[in-house]
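Here are my notes on this one, jotted down as numbered points. Have the model open while you read.

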Amino acid sequence: GAYKTYTEYQKRSAIASAQESAKTTKEILENTTSITKAIGEYKEITKDGIIDTTELSEAQRIQENIKKIIGEQADSYDILNGKVQENIALITSASIAYLQSQLSEAKVQVANTASSLKTSVGHGTFNSPSVSTSALAIGEDNRGRAIQEYIEEELSKYSSKLLVGGKAQTRLSVFSEYSTEEIVAFYEKLKGLQSLYAELYNAEELSSDKAYSSINDVISTLTPAVSAYTEALQNQYGVEANLLLLQNGFLDKKFESKSALDAYIKSLAEENSLTEDQTKALSDMAKALADVEKAADDGIGGFEDATK
């Protein structure tokens, strides 16, 4: 009816909004990383305290890159004037302010993807077919028991028992009232259940199994919004890592070995009470920036770009 059509429209709109927000956070991450790298490049060509005349064109390129991203905040300095230390202080200060504003914007976008994820779940029980253990899982064989055990151990929070046609079944439901983290956890556990079904049963059995079909339907419904949320969140962590490294003078540091860099990252993560995912983002960014400041000379070369 009209209500169902409107609900589906809401879900499609929410997914589109989430994907647009994820795209925005990616652009923010790319811009903030470019700024941090540009500062590292400027430090590299001025490491002797002066800009060599052969490096003027490179300095001009760096200045234009910074101004293109930061905009008006960068109008107060001219990195070609030869005042190296003053310029470094100015562009670092302007860049930190820029990163702080961009981090705030990234958080807004992540919040939007979280809200969109909840909308895509809908109100109350999932509108797609109920995820319930099928005749296969209700059987007496070990495969059925393995399915039941997985549900009891991994999905008990989302399960409820019911009686259908005299047979006990388990319905799995997720609600928009759950936290974003709970919805993502449900999604990941459900993917695990999907994999277990595929591992235990052959293609012919699965093709006629209503529970397996329902699992696939729910995963397909959730995937776009979950993917947008997790991507946006990872991009936010990348921006946070950029800011943290810049605030802590990372570009002025040299490391004698990869283990020395790893120790620094671990210490910085602990000091700032970072989560495992935030620490990984910090590590990826630090290694990318260490490569920018030509840390290969200190035995730390070959790191990948953290924005990829």
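1. One term before we start: a nonpolar core here is a set of buried Ala, Val, Leu, Ile, Met, Phe, Trp, Tyr and Cys residues joined through side-chain atoms within 4.5 Å. Keep in mind, too, that this is a predicted model.

2. With that in hand, look at the largest nonpolar core, which has 40 residues. Ile35, Tyr42, Ile66, Leu245, Phe250, Leu261 and Leu282 have the most contacts inside it. Helices 1, 2, 3, 8, 9 and 10 each supply at least two of the residues in this core, and helix 3 (84–121) gives the largest share, with eight.

3. Stepping back to the whole chain: you'll find ten helices and three strands, in the order α-α-α-β-α-α-β-β-α-α-α-α-α. Of the 308 residues, 44% are buried. Of the contacts between residues at least 6 apart in sequence, 72% link residues at least 24 apart.

4. Now a helix pair to check by eye. The axes of helix 5 (residues 142–154) and helix 6 (residues 180–200) come within 10 Å, crossing at roughly 170°. Angles over 145 degrees count as roughly antiparallel, so that is how these two helices run relative to each other.

5. What meets what in that pair? From helix 5 it's Arg143, Ala146, Ile147, Tyr150, Ile151 and Glu154, and from helix 6 it's Lys189, Gly192, Leu193, Leu196, Tyr197 and Leu200. By type, the residues of this contact are eight nonpolar, one polar and three charged.

How values were computed. Residues are numbered from 1 along each chain as its sequence is written. This is a predicted model: local features need pLDDT of at least 70, side-chain atom pairs count only at pLDDT 80 or more; totals for chains, interfaces and linings use all residues. Side-chain values use heavy atoms; hydrogens and water are left out. Helices (H or I, at least four residues) and strands (E, at least two) are DSSP runs, numbered from the N terminus. Buried means under 20% relative accessible area, exposed over 50%, partly exposed in between (1.4 Å probe, protein chains only). Contact means heavy atoms within 4.5 Å. Axes are lines fitted to C-alpha atoms, for helices over the stretch in contact, and angles run from 0 to 180 degrees between N-to-C directions. Angles under 35 degrees count as roughly parallel, over 145 as roughly antiparallel, 65 to 115 as roughly perpendicular and the rest as oblique. Ala, Val, Leu, Ile, Met, Phe, Trp, Tyr, Cys and Pro count as nonpolar, Asp, Glu, Lys and Arg as charged, and the others, Gly among them, as polar.
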